Each structure stands twice: as C-alpha cells, then as structure tokens.
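Please look through the sequence and the model below before reading on.

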Amino acid sequence: MNIQAMMKQAQSLQKEMMKAKEEIDGTEFVGESSGVKVTVNGKKEVLKIDLDKSMKLDSDDIEMLEDMLLVALNSAMKQVDDLTEQKMGKFGNMSGLF
C-alpha cells in the first residue's frame, strides 16, 4: 500500500470517527431515580433536572434528594459511556484522540 492510499484511508477513518462523536454529543440521555429525572448530552453536560412536583420535601428529605440526584446522574452518565464505547470502540485506541 502506498503512502497516498494510507493517507486517504486515515482521512476516511477520521471522518467516520468525527461523525460518530458528533452523533454521541448530540444525543440526550435520561437517568431516573424515584421522582428525579436528569437529562445530559453526550458531552456529559447536565441539560435538565426534573423533580416530581408531587414530592413533598422538608429539610429532612434533602439528603434523600441528593442521593436520588446522584443515582440519576450516574445512570445518565453510564448511558453516555455505553454509547461511546459502542460507537467508538471499533476504532480502538485511536478514539481517545477525539
């Protein structure tokens, strides 16, 4: 294989990787836990936190709410990681470049 063919193949692979990364970044992931819903994007940025309006909270419930937020956030982040592995894993170690 000559250098030009290798460069063309590398550019094609780079375009594929960038397309997969853009798809992941543009996807929204929702984690839920007991009346708490957290939405994040593929960049792991929190976009929205929804609390069930029927929850009656007093000061004693704050610790429980913090735990529910933690579970919901971790669930959403795991979804990002799972899709990233699914889409980018085929590129091997090169996916770490993006």
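The largest nonpolar core of this predicted model has 16 residues, where a nonpolar core is a set of buried Ala, Val, Leu, Ile, Met, Phe, Trp, Tyr and Cys residues joined through side-chain atoms within 4.5 Å. The word buried stands for a relative accessible area under 20%, exposed for one over 50%, and partly exposed for what lies in between, with a 1.4 Å probe and protein chains only. The residues with the most contacts inside this core are Phe29, Val36, Val38, Val40, Met88 and Phe91. Helix 1, strand 2 and helix 2 are the elements that give two or more residues to the core, and helix 2 gives the most, with 8 residues. Helices (H or I, at least four residues) and strands (E, at least two) are DSSP runs, numbered from the N terminus. In soluble globular proteins, nonpolar side chains tend to be buried together.

Which residues does Phe29 touch, not counting residues up to four places away in sequence? With contact taken as heavy atoms within 4.5 Å, the list consists of Ile24, Val38, Thr39, Val40, Asn41, Gly42, Ala76, Gln79, Val80 and Leu83.

Strand 2 and strand 3 pair in the antiparallel sense over 5 bridges, and two strands are said to pair if DSSP finds at least two bridges between them. The two strands form a hairpin with 4 residues between them, and Lys44, in the turn, has a positive phi of about 65°. Ser34 also has a positive phi, of about 45°, although it is not a glycine. Ser34 is placed in the loop between strand 1 (28-33) and strand 2, and it counts as exposed because its relative accessible area is 56%. As background to both residues, most residues other than glycine have a negative phi.

Lys44 has Asp81 as its partner, and the closest N and O atoms are 2.6 Å apart. This pair links distant parts of the chain, with Lys44 in the loop between strand 2 (36-41) and strand 3 (46-51) and Asp81 in helix 2, 37 residues apart. Both ends are partly exposed, Lys44 with a relative accessible area of 37% and Asp81 with one of 39%.

In another salt bridge the side chains of Lys87 and Glu23 meet at 2.8 Å, N to O. Lys87 lies in helix 2 (residues 62-88) and Glu23 in helix 1, so this pair ties together parts that are 64 residues apart in sequence. Lys87 is partly exposed at 23% relative accessible area, and Glu23 is partly exposed at 40%.

Asp25 is buried, with a relative accessible area of 18%, whereas Lys21 is partly exposed, with one of 22%.

Helix 1 (residues 3-25) also holds Met6, which is partly exposed at 44% relative accessibility. Ile3, Met6 and Met7 make a nonpolar surface patch of about 330 Å². Patches are made of residues with over 30% relative accessible area and no salt bridge, like charges being joined within 9 Å and nonpolar side chains (Val, Leu, Ile, Met, Phe, Trp, Tyr) within 5 Å. Accessible areas come from the Shrake-Rupley method with a 1.4 Å probe, and for residues only the protein chains shown count as cover. Lys15, which is in helix 1 too, is exposed, with a relative accessible area of 65%. From Lys15 to Gly26 there are 11 residues in sequence and 16 Å in space, C-alpha to C-alpha.

Note on methods:
Residues are numbered from 1 along each chain as its sequence is written. This is a predicted model: local features need pLDDT of at least 70, side-chain atom pairs count only at pLDDT 80 or more; totals for chains, interfaces and linings use all residues. Side-chain values use heavy atoms; hydrogens and water are left out. A salt bridge is a side-chain nitrogen of Lys or Arg within 4 Å of a carboxyl oxygen of Asp or Glu.
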